[in-house]
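Here are my notes on the model, as numbered points. Please read them with the structure open beside you.

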Amino acid sequence: MSQQNLESVSYQCGMSFADALRAWREILGENSVHTSPEKLRAFSENCTPTSTSPLAVLEPGTTAEVQALVRVAAQYKIPLYSISAGLNIGYGGGCPAQKNNVVVSLKKLNSIELDPLLGYAVLGPGVTQEQLEQFLVERGGDYVMDASGAPPGASFIGNILERGHGHSRYSSRVEHCAGMEVVLGDGQ
């Protein structure tokens, strides 16, 4: 879809997509709202025979930004397709499942906190297997990262939500997830 056609897309609320883009740019800044054909093409690739192209790609850096962009999407009735890294090959990827979606890439939300005494980590949704492995190696402790068969750049949250697994006795990622902070469809 050309940039000119993209800007004129109207949604059920009667407002144009350009209005939503303006709102997202106010929230995230110009460099975190992408509509260029090159950027959209990168989120159109899929490991299946079919693919769709998103209308835009948003890259929030905080939970508050995620909440705000979700509120805009709800206001304009624009469907969002969230990904963390988009590299959970075999389970899913960065390509939206349906047409006319906006991809929300959570890769900037990649914080890691480790409680070495109780043996748990709090991971942001953008944390990849490679990032956690590097973090644990740098800390020099006794903890290791239980890798899945996905690439190093695949995220933990994507693998958890798709019921993926690692290769140790703690392999079921979803069974060993103690909790999640989620943003609901209304931005709460």
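**Notes on the fold**

1. Start with one pairing in this predicted model. Strand β2, residues 56-58, runs parallel to strand β4, residues 102-105. Three bridges join the two strands.

2. Four strands make up an open sheet, and their order is β1-β2-β4-β3. The pairing across the sheet is mixed. Which strands sit at the edges? They are β1 (33-34) and β3 (80-83), each of which pairs on one side only. As background, strands of a sheet pair through backbone hydrogen bonds, in either the parallel or the antiparallel sense.

3. Next, a helix pair. Two packed helices are described by the angle between their axes and by the distance between those axes. Helix α2 covers residues 17-28, and helix α4 covers residues 63-76. Their axes come within 10 Å and cross at roughly 170°. The cut-off for roughly antiparallel is over 145 degrees, so α2 counts as roughly antiparallel to α4.

4. Which residues make that contact? From α2 they are D19, A20, A23, W24, I27 and L28. From α4 they are E65, A68, L69, V72, A73 and Y76. By class, the α2 contact with α4 has 10 nonpolar residues and two charged ones.

5. For the whole chain, the count is six helices and six strands. The order along the sequence is α-α-β-α-β-α-β-β-β-β-α-α.

6. How much of the chain is buried? Of the 188 residues in the protein chain, 39% are buried. The chain exposes about 10700 Å², and carbon and sulfur atoms supply 52% of that area. Take the contacts in the chain with a separation of 6 or more: residues 24 or more positions apart account for 53% of them.

7. Last, a single loop residue. V144 lies between α5 (129-139) and α6 (156-161), in the loop that links them. Is V144 buried or exposed? Its relative accessibility is 71%. Exposed means over 50%, so V144 counts as exposed. Q134 is 10 residues away from V144 along the chain, and the C-alpha atoms of the two are separated by 9.9 Å.

Terms used. Residues are numbered from 1 along each chain as its sequence is written. This is a predicted model: local features need pLDDT of at least 70, side-chain atom pairs count only at pLDDT 80 or more; totals for chains, interfaces and linings use all residues. Side-chain values use heavy atoms; hydrogens and water are left out. Two strands pair if DSSP finds at least two bridges between them. Axes are lines fitted to C-alpha atoms, for helices over the stretch in contact, and angles run from 0 to 180 degrees between N-to-C directions. Angles under 35 degrees count as roughly parallel, over 145 as roughly antiparallel, 65 to 115 as roughly perpendicular and the rest as oblique. Contact means heavy atoms within 4.5 Å. Ala, Val, Leu, Ile, Met, Phe, Trp, Tyr, Cys and Pro count as nonpolar, Asp, Glu, Lys and Arg as charged, and the others, Gly among them, as polar. Buried means under 20% relative accessible area, exposed over 50%, partly exposed in between (1.4 Å probe, protein chains only). Accessible areas come from the Shrake-Rupley method with a 1.4 Å probe; for residues, only the protein chains shown count as cover.
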